[in-house]
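User: I would like to go through this model with you and ask, term by term, what each label rests on.

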Number of protein chains: 2
Amino acid sequence: MSDSQPLETSSRIYQYSIISAFMDGQTLHGIPLKDLGKHGDFGLGSFQLADGEMILVDGTAYRMSYDGSITVAEPSTCLPYAMVTFYTPTVTVAVAGMLKPNFQKHIEDITPTAKNYFLAIRFDGVFKKMRFRIAKGQDVPGANVMKTITKTQRVIDMEDVEGTMIGFRSPGCYQGITVAGYHLHFIKKDRTTGGHCLDFEIQKGITGISIIRQIDIELPDSDDFCEADLTLDNEGIVKAE
Amino acid sequence: MSDSQPLETSSRIYQYSIISAFMDGQTLHGIPLKDLGKHGDFGLGSFQLADGEMILVDGTAYRMSYDGSITVAEPSTCLPYAMVTFYTPTVTVAVAGMLKPNFQKHIEDITPTAKNYFLAIRFDGVFKKMRFRIAKGQDVPGANVMKTITKTQRVIDMEDVEGTMIGFRSPGCYQGITVAGYHLHFIKKDRTTGGHCLDFEIQKGITGISIIRQIDIELPDSDDFCEADLTLDNEGIVKAE
């Protein structure tokens, strides 16, 4: 890293719904992509019925599907949970030869005054290993996601793969509102596959970080959201994420 | 109440800092009142060094001081924690003869689809009894507020007092971010005293409620916020509030 780079904060995060509601099965309603795009060009989310994984890269939202394929999401596509920002990195650093925990520790080390802020994180480069999952759409609409996602998801392992990883680090006190800690999605450089990062080993690449100290949370305007059980299940979220 | 009134949502809450940071002693820095006013004309908060209680009524912010007196806060006044909105009630209802728990239950009963949303609440009328507290400014700047506030606060009891109560009801999952449940401040009609509501019995008056499904949280841009311990102390917040 360059020590001379200032650790400035920038921008804001916009989040639609909260992760506890999504995990409780509030997957039927959501924000249309064309509206979400007003709040960011960078981020991640999920689709109706938790069908696949969303990654928003440079203003384009991709639907990464259970069968391993990818399509560019339509403007009318509805997202029951999403977290986005207009990404303007204030720290950019070359990284090489790092397992996931080392990568995360490295990010903490180069943002020492940001532990109570949000971080938007982007990595572009080559992974020696990348393990990601893709959620399978619900058979029972509105059923609890937390209980089923790890049982029905597809896990894909790739080696020596080039791509982009995008996501956020949230302070622990937001668990249940967001995913506490790191929440990262991956897309292959040729845009043929990708998903929700479970584990990885970075070979080499560039990481950008944006320190963010504002989060705007919009709650769904739907009957089923009103019924959701938002009681925090920390263990369940950690397991599912 | 009038059953014909629609339970529409409106507006957004703007919150500066999070209650866990304030309770941990992040009381030195804050948002100037003139900036806070851009985000609301209704709400509550605290002052530098936790010195007194703030209530924002119809666009005027009052500093309710430990000695029981009140002044209109200056535009440059700095608030380390505040929660405000532009208040537009969507439910208005006459209430009479209610203890605090009955009043809260009544609010839940007339907003049955809003349990997972925020409520902005205003009551204007006469209290048979009102018990409120006013925080004493810190002797040790930046010291933990949660451990000291209930020991140093002044508690005032009044009977047959007319005034206004203003505040918010937050869903339980936001504990630590906001104050979960009801957080209400009181000001006497003649603006001579007021504070943070501890207990009350309503004689009669009018309650307005605004159902809010967006909250924008801005975190302080200060070194001491970065050092704050934001680990949730649910018992401590409940005791302090």
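User: Which residue of chain A comes closest to the rotation axis, and what makes the relation of the chains that of a two-fold axis?

Analyst: In this predicted model, A:Asp216 is the residue of chain A that comes closest to the rotation axis, its C-alpha lying at 2.0 Å. Chain A can be laid on chain B with an RMSD of 0.0 Å by a turn of 180° and a shift of 0.0 Å along the axis, the superposition being by least squares on the C-alpha atoms of residues with pLDDT of at least 70 in both. That is the relation of a two-fold axis.

User: How do you know that the copies meet through the same surface?

Analyst: Of the interface residues of chain A, 100% are also interface residues in chain B, so the copies meet through the same surface. The contact (heavy atoms within 4.5 Å) takes 24 residues from chain A and 24 residues from chain B.

User: Why is the pair B:Arg213 and A:Asp221 called a salt bridge?

Analyst: The rule asks for a side-chain nitrogen of Lys or Arg within 4 Å of a carboxyl oxygen of Asp or Glu, and the closest N and O atoms of B:Arg213 and A:Asp221 are 4.0 Å apart. The rule finds 3 salt bridges across the interface of chain A and chain B.

User: Why is B:His196 called buried?

Analyst: B:His196 has a relative accessible area of 2%, and buried means under 20%, with exposed over 50% and partly exposed in between (1.4 Å probe, protein chains only), so B:His196 is buried. This residue lies in strand 13 (residues 194-212) of chain B, and the residues that B:His196 touches, not counting those up to four places away in sequence, include B:Glu53, B:Arg131 and B:Glu241.

User: What makes strand 4 and strand 5 of chain B a pair?

Analyst: Two strands pair if DSSP finds at least two bridges between them, and 5 bridges join strand 4 (residues 53-57) to strand 5 (residues 60-64) of chain B, which run antiparallel.

User: Which conventions apply?

Analyst: Residues are numbered from 1 along each chain as its sequence is written, while chains are lettered from A and ligands numbered from 1 in the order in which they are written. Local features need pLDDT of at least 70, side-chain atom pairs count only at pLDDT 80 or more, and totals for chains, interfaces and linings use all residues, while side-chain values use heavy atoms, with hydrogens and water left out.

Notes
Helix = DSSP H or I, 4+ residues; strand = E, 2+ residues; numbered from the N terminus.
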